[in-house]
Amino acid sequence: MTGPGDAVESVARAWTRAIADTSYVTYTSAEADDLLHEHARAAAAALRAGGLEPGRVGRELGFALVAAHYTDPQSLAATLVVYAQLGPALGGTAAALADLQGGIAAGYAAALRETTLTQQEAIRTAAFAARDESEARFRAVFSAAPIGIGLADLGGLVVEVNQALADMLGRSAEDFRGRHIRELAQPTDPPELWGALDDVLRGERDFYAADKEFSRSDGTSLWTHLRATVIRDELGRRRFLLGLFEDITERRTMHLNLRHQATHDPLTGLPNRTLFFEHLEEILGTADPDARIALCYLDLDGFKEVNDTLGHVVGDKLLIAVAERLAHCADRPGRLVARMGGDEFVMLLADGADAAAATEAADEILAALRRPIGFDGREMSVSASVGVVEHSIGGAHPTELVRAADITLYWAKNEGKGRWALFDADRSASEITRYTLSAALPGALERGEFTVDYQPIVDLGTGQVRAVEALVRWRHPDFGLLKPDRFIGLAEETGVIVPLGRWVLEQACAEAAKWEAGPHGPAPAVNVNLAVRQTHERHLVEEIRKALELSGLPPERLVLEVTESAVIGTEDGSLPVLQELAAHGIQIAIDDFGTGYSNLAYLRQLPAHIVKIDASFTAGLRAGSPDSHVDEQIVSALVTLAHGLGMSVTAEGVEDAEQAARLAALGCDSAQGWYFARAVPPDQLTGLLAREPAGDGLSPLDRRQRA
Ligand code: C2E
Ligand code: CA
Ligand code: CA
């Protein structure tokens with residue numbers, strides 16, 4: 001059995017061993033032992049107490065380490081390792097242990113910083129005191145300080161450097177004396193450094209600090225944090241330039257390593273997304289706004305299959321080989337290649353590439369990848385698809401550019417892979433709108449964004465309005481008034497057509513119930529379009545019955561328009577539904593007749609009352625149409641057929657008087673089209689319905705509309 005005392009004992013022992021060699025400490029080993037023992041006990045108590053204790057005790061422990069001159073960061077690392085490994089035996093939760101470790105690191109860092117500042121202040125004061133003949137004291141601090149110190153005269157000539165600085169730079173202190181500080185210049189110096197030091201020398205500036213690189217005598221590089229200040233005598237006259245140099249090489253390397261890790265892909269060594277975006281943002285922020293920038297965004301074709309069939313090891317090797325090829329393509333000023341993730345890469349062309357140059361680069365990439373890649377005695381060739389985007393720097397936005405490139409990449413894939421596609425804003429806009437519309441559809445109904453317009457259908461014999469077709473519109477908050485062609489298809493795909501169709505039906509019935517019989521005939525019927533999908537709804541009949549009941553509209557005044565495709569093929573159950581509706585006294589119209597299967601024999605079986613001849617057949621009868629003969633024969637045949645089956649015929653798309661007259665002559669019963677009236681909102685419809693018919697049945701309802 002081991003008790004808590006034993007655990008403390010073993011922590012203290014391991015700890016002593018671990019940090020023994022990490023720092024030069026003036027304690028005897030017994031003293032150090034006691035110190036660490038005491039802290040291990042305190043840590044154990046804190047861990048068991050929990051709450052804020054572990055953090056607090058940890059910070060104290062960190063401070064104590066520095067106070068005991070364990071100031072080498074290795075001491076901290078060793079301490080943290082010991083507590084990570086043996087800490088659990090001290091009791092307490094894992095969270096408490098984490099708090100303790102966090103406290104140790106925080107306390108240590110704070111203490112170290114304080115010590116450094118104190119040291120530097122002491123040096124500065126000592127140097128300051130040097131003018132008071134207390135040369136000895138200055139010398140003592142100067143030579144014993146663990147930090148590099150250099151003194152130069154007002155002309156910039158080095159007077160003295162201490163041993164620490166000489167050691168840091170790998171030279172003897174004598175080497176420096178009498179040399180001008182400018183000789184220490186390095187290409188990596190911050191641009192303002194020498195001007196700022198001159199300012200300090202001239203007394204125009206009190207203090208300057210910067211990170212500065214030195215090359216050691218052995219050619220290696222040393223990074224220091226330099227603090228420069230001027231030393232004045234008792235009369236306030238400037239005497240020396242004092243430079244304090246702290247070795248930050250390790251810290252900087254660590255930082256650079258971390259930064260490299262954070263900005264590069266570990267597999268291929270290429271810059272990653274983060275670095276790519278940083279780079280892109282920098283260019284967009286600094287380059288000439290009129291210059292052009294381009295992206296080639298590529299994705300390997302069939303990479304998933306490689307991974308699945310040959311394994312990830314082969315997949316990884318392939319990615320590395322691809323990365324090498326791409327890096328070679330990008331080995332030119334202004335180009336950068338990055339791995340965006342998976343098998344997606346991007347090449348940035350910041351060399352003023354216009355569209356032609358950008359697609360040329362894409363060709364270059366495709367050619368580079370096409371050459372077989374050999375590894376493990378195997379030869380593989382890869383193909384890729386590339387989306388190319390080219391834009392002026394002004395007005396470009398990083399994520400927008402990448403999104404555009406990504407969209408374009410998929411065009412390239414769709415067009416058959418192994419090729420590039422160039423971004424086209426118009427094409428993208430229509431696709432984006434389709435997507436946006438589809439996403440907005442479900443909520444649009446709840447938000448009341450739909451309206452219904454009404455278009456009269458006129459009797460070609462009497463000129464009376466026989467019926468009115470309800471046509472839905474979407475008042476989209478961003479895109480304005482949308483015609484059904486933009487969204488009915490999407491509504492069918494997403495199923496929104498079911499509630500939307502129900503809503504249109506209710507609206508139309510309620511509206512139609514208000515229309516009154518005129519002096520010359522009965523109140524018009526209302527035609528409502530029924531999507532295929534709706535005819536598959538179980539409750540359709542019930543819902544329609546309810547809408548009629550609620551509005552008070554008699555079933556005879558409701559016409560449901562269905563397309564041929566909705567009724568061809570009885571197995572989907574549309575036919576019985578239509579038969580049931582017809583049995584309720586509702587009329588059925590076959591919409592767009594002639595555009596679907598046009599199975600004339602089938603027409604016989606349909607419970608339809610009206611055939612609407614599609615505008616594509618009636619268009620040939622418009623004034624000035626060159627070849628009207630065939631269309632006339634088709635319309636004539638359709639009229640004969642429909643009449644033979646006891647159905648009435650409505651001609652669609654009637655745009656002028658000649659067309660109306662010809663269709664009347666061919667025996668069409670009624671017609672719908674802009675010649676008579678366009679689809680209008682319900683309030684305008686009332687005016688159209690009240691108008692006296694012209695008598696010949698062929699006149700427009702409202703002449704102003706044609707203007
Ligand atoms: P449709 O049922 O064939 O409706 C006739 C379309 O032709 C309407 O277009 C109408 O505005 C247009 N039109 C009328 N006269 C003329 C003319 O003289 N010349 C020309 N060029 N066009 C004319 P709209 O309103 O854009 O509707 C398009 C289609 O959207 C409709 O074709 C219909 O299939 C569908 N639709 C409209 N509302 C609904 C609805 O509530 N439910 C369902 N399922 N579909 C609807
Ligand atoms: Ca229709
Ligand atoms: Ca139609």
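**What counts as a contact, and what counts as buried**

Strand 14 gives the most to the shell around ligand 1, with four residues. This is a predicted model, where local features need pLDDT of at least 70, side-chain atom pairs count only at pLDDT 80 or more, and totals for chains, interfaces and linings use all residues. Residues are numbered from 1 along each chain as written, chains are lettered from A and ligands numbered from 1 in written order, and side-chain values use heavy atoms, leaving out hydrogens and water.

Visitor: What makes a residue part of the group that surrounds ligand 1?
Guide: A residue is near a molecule if one of its heavy atoms lies within 4 Å of it. For ligand 1 that gives 22 residues, and Gln 455, Arg 473, Asp 591, Glu 655 and Trp 674 are the closest.

Visitor: Why is the pairing of Arg 473 with ligand 1 called a polar contact?
Guide: The term covers a pair of N or O atoms within 3.5 Å; within protein, one must be able to donate a hydrogen and the other to accept it, and residues adjacent in sequence count only if both atoms are side-chain atoms. A polar side-chain atom of Arg 473 sits 3.0 Å from a ligand 1 oxygen, so the pair qualifies. For Trp 674, a polar backbone atom is 2.8 Å from an oxygen of ligand 1.

Visitor: Why is Cys 509 called buried?
Guide: Buried means under 20% relative accessible area, exposed over 50%, partly exposed in between (1.4 Å probe, protein chains only). Cys 509 comes in at 0%, so it counts as buried. Cys 329, at 6%, is buried too.

How values were computed:
Helix = DSSP H or I, 4+ residues; strand = E, 2+ residues; numbered from the N terminus.
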